[in-house]
Amino acid sequence: MCGIIAYTGERSAGPILLDGLRHLEYRGYDSAGIALQVEGPGLHVERATGKIEGLVRRVEGRLPEATSGVGHTRWATHGEPSERNAHPLTDPERRVALVHNGIVENHEELRAALGDGQTFASDTDTEVLAHLIGRELARGVDALEAVRCAVGRARGAFSLVAMPRDEPGRLIAARVGHAGGIVVGHGEGERLLASDLGALLPHTRRVTFLEPGELADVRAERVCYVDSAGAAVEKAVEEQAVSAVALGKGRHRHFLAKELHEQPDAVLDVLRGRYLSDPFRVELEGFPLDEEGARALRRVVLVGMGTSLLACSVGRHYVERFARLPAEVDNASEFRYRRPVLDPGTLVISVSQSGETADTLAAMEEARAAGCPQLTVCNTPGAQATRVADGTVFLRAGPEISVASTKCLTSSITALHAIALHLGRLTGRLPEELAAEQVRAALHLPAAVGEALELEPQVAGIAERYARFQNFLFLGRGLSYPMAMEGALKLKELAYIHAEGYPAGEMKHGPIALVDESVPTVAIALRDEVFEKMRSNIEQLRARRGPVIAVVSHGDRSLDGVVEELVELPAVHPLLSPVVSAVPLQLLAYHIALERGADVDQPRNLAKTVTVE
Ligand code: G6P
């Protein structure tokens, strides 16, 4: 998660940008840089590897005077952490300086389209956008239009700020897809842009958030907005109340909604620096085994509680598929008391948002006593789980305040995907083509999760129609089975509705006895090898007059007219579908809870971190 800051106004831009970068450093710090718009030579660019202070030391006392500029702190995705890959990046003729947060998925395609004569100074996906913008500017195209054309050719989810050399005081910001937001700050005689609201607050509380597809044409005295088609958009200035900021809900009514909407960024933050292209591969810090250790493994056991346990159930598929090791999932509270057979040939992977859940810690202690190597997936630096485990994969999802977990589910599943790919490479059992395909597919996840959030109006409508039902079934097969469990869990937690999650094949062995017109079923029926079986399960439900809400693959209308409600997911690789199908299930539970007036963030009887067994 890179950080972006930009300034245009009357004050000296350099110190403002450096200070802004300090606020953003938590988002990544493998390199940082600033570009200033200066008279005469045009763009003055300074970049350095490592933390912001390294950049500060480098530029101290020698920054030229300038009243507009852009700054960036980086966490590498494409291209190693190095000065040449640090932002701001420019086109070869230095007509534009660019800072960027997110992933340009088709950057190779765009590079190829630019033609052979083009030389690139970095290995980043970003630079191709600088070239595209620079080329338009060279043809005399207006800067806003140049940026709009360039981002229009890019696929992915990202945001950027472009500073054209020849137009003093002008900045162009763009947001594409849901990952990586951008906020405009309106000060007295000045404007700022930042990836985080927090970086603007020392300067102003009057802000405007860009929505996906929007661009802002920013000058100190005025800002104009356009949509992706270039049509003008009217946008209001919001006064950010200090209390809302202090509470951290931002623009949302509930932490749950905020965290649910943070998922494209949270997933991106799992990928950052770990899923790499050129060549496509996963690199994981904190993994406790080398090749020899991985090859000595005989099995993997995944443990967790609640939503984290359901992430483990998806992770099991990944371990089996990519590392070809037998994998089991255990509820951490059951694991310990079953006297499990454990030895140093068993890798234990625990998943815990808090890293403090008592049952999970107890299971980890059991594994430690048996001499098992251990890896934990955790969102909380310094948590007990990270001290017990031999290695930690941090989620970097930021605080999850809402008691019911959302972003840490999708982040944990993504982290387990990375772990399994890494393990597969170490054991030598993962074919290179499969690894490359999976890395490529994972780099599309932030965009796909963002598109899934666009289902919210449709899902809110369904919630309105179904909020008064007292019992629900959730069905899925394969990778969708844990998500059916999660959909049911969310509905119980948030809306206090009795809901059961089942593997669809089990339905006719009991749950179907409950079905009539008063029991709706949410069926996750994706186009995979078990689709036809899911379809017959749905027919069986319909024959008993049970209403069906079907979650289906992108472009699949085959259940149209068969089911009451059809929720079509965005396109995603089938193995990564749980990360995306989780979103409409979360939205459904949230909106039903709203309809029923439930306490969404702090449901009765629950706790965020359960430190008792
Ligand atoms: C509680 C929370 C759940 C969470 C579970 C496990 O029950 O309400 O949202 O999934 O604990 O928490 P952990 O911190 O170990 O992931």
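## Contacts with the ligand

A polar contact here is a pair of N or O atoms within 3.5 Å. With that in hand, let's look at the ligand in this predicted model. A backbone N or O atom of Gln-353 comes to 2.7 Å from an oxygen atom of the ligand. Val-403 also takes part through its backbone, where an N or O atom lies 3.0 Å from a ligand oxygen. Ser-308 uses its side chain instead: a polar atom there is 2.6 Å from an oxygen atom of the ligand. Taken alone, the ligand would expose 390 Å², and the protein buries 91% of that.

## The shell around the ligand

Where does the ligand sit? Its place is the second largest pocket. Around the ligand are 13 residues, and the closest are Ser-308, Ser-352, Gln-353, Ser-354 and Thr-357.

Sorted by class, the shell holds 8 polar, 4 nonpolar and 1 charged residues. Helix H11, spanning residues 306-323, provides the largest share of this shell, with 3 residues.

## The largest cavity

The model has 2 cavities of 30 Å³ or more. The largest cavity contains about 60 Å³ of space. Its lining is made up of 13 residues, with Arg-74, Thr-77, His-87, Asp-125 and Thr-126 the closest to its centre.

Which element gives the largest share of the lining of the largest cavity? That is strand S6, residues 96-104, with 3 residues. By class, the lining of the largest cavity counts 8 polar, 3 charged and 2 nonpolar residues.

## The second largest cavity

The second largest cavity has a volume of about 50 Å³. Its lining consists of Val-459, Ile-462, Ile-549, Val-551, Val-567, Pro-584, Leu-585 and Leu-588. H21 gives the most, with 3 residues.

How many nonpolar, polar and charged residues line the second largest cavity? The lining has 8 nonpolar residues, with no polar and no charged ones. For the largest cavity, by comparison, the lining includes 8 polar and 3 charged residues.

Key:
Residues numbered from 1 in each chain as written. Predicted model: local features only at pLDDT ≥ 70, side-chain atom pairs only at ≥ 80, totals over all residues. Heavy atoms only, no water. Near = heavy atom within 4 Å. Polar contact = N/O pair within 3.5 Å; in protein donor to acceptor, adjacent residues only side chain to side chain. Areas by Shrake-Rupley, 256 points an atom, 1.4 Å probe, with all protein chains shown as cover. 1 Å grid on protein atoms, 1.4 Å probe; cavity = no way out; pocket = protein on both sides within 12 Å on 5 of 7 lines; lining within 4 Å. Sits in = over half its atoms within 2 Å of the grid points. Helix = DSSP H or I, 4+ residues; strand = E, 2+ residues; numbered from the N terminus. Nonpolar A, V, L, I, M, F, W, Y, C, P; charged D, E, K, R; others polar. Points joined across faces, edges and corners; volume = space filled by probe spheres on them.
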